[in-house]
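Dear colleague,

Please find the structure below, together with its sequence.

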Amino acid sequence: MKPLLAGAAAASLLFLAACGSNPTDRALSGGAIGAGAGAAGAAVLGGSVVGGAVLGGAAGAATGALTDEDDINLD
């Protein structure tokens with residue numbers, strides 16, 4: 001069950017990282033979403049919440065900065 005939860009958190013991070021119309025906005029929103037998802041995932045899995053937030057924030061910011069506005073269309 002725990003790997004399924006981690007996979008769902010990672011997938012939602014990828015889909016939500018594209019929020020914003022320019023790379024800076026997407027990096028900021030992706031970083032915030034990633035930090036929250038990483039902290040929550042670490043808490044559920046019994047890991048370091050701070051470490052999860054840092055790793056999740058970095059992954060979210062990178063994903064947000066590297067995605068194009070048209071890559072993921074949530075409309």
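**Confidence and findings**

Confidence in the protein is lowest in helix 1 (residues 2-16), with a mean of 63, and highest in helix 3 (residues 49-66), with a mean of 92; the score is pLDDT, the predictor's confidence in each residue from 0 to 100, and helices are DSSP runs (H or I, at least four residues; strands are E, at least two) numbered from the N terminus. This is a predicted model, in which local features need pLDDT of at least 70 and side-chain atom pairs count only at 80 or more, while totals for chains, interfaces and linings use all residues. Residues are numbered from 1 along each chain as its sequence is written, and side-chain values use heavy atoms, with hydrogens and water left out.

The mean pLDDT of the protein is 80, and 68% of its residues reach 70 or more. There are three helices and zero strands, in the order α-α-α from the N terminus. Of the 75 residues, 25% are buried (under 20% relative accessible area, 1.4 Å probe, protein chains only).

Helix 2 (residues 23-45) packs against helix 3 at an angle of about 150°, with the axes 6 Å apart (lines fitted to C-alpha atoms over the stretch in contact, with angles from 0 to 180 degrees between N-to-C directions). The two helices, helix 2 and helix 3, are therefore roughly antiparallel (angles over 145 degrees). Residues making the contact (heavy atoms within 4.5 Å) include Gly30, Gly31 and Gly34 of helix 2 and Gly56, Gly57 and Gly60 of helix 3.

Yours sincerely

Conventions. Buried < 20%, exposed > 50% of the residue type's maximum accessible area, 1.4 Å probe, protein only. Parallel < 35°, antiparallel > 145°, perpendicular 65-115°, else oblique.
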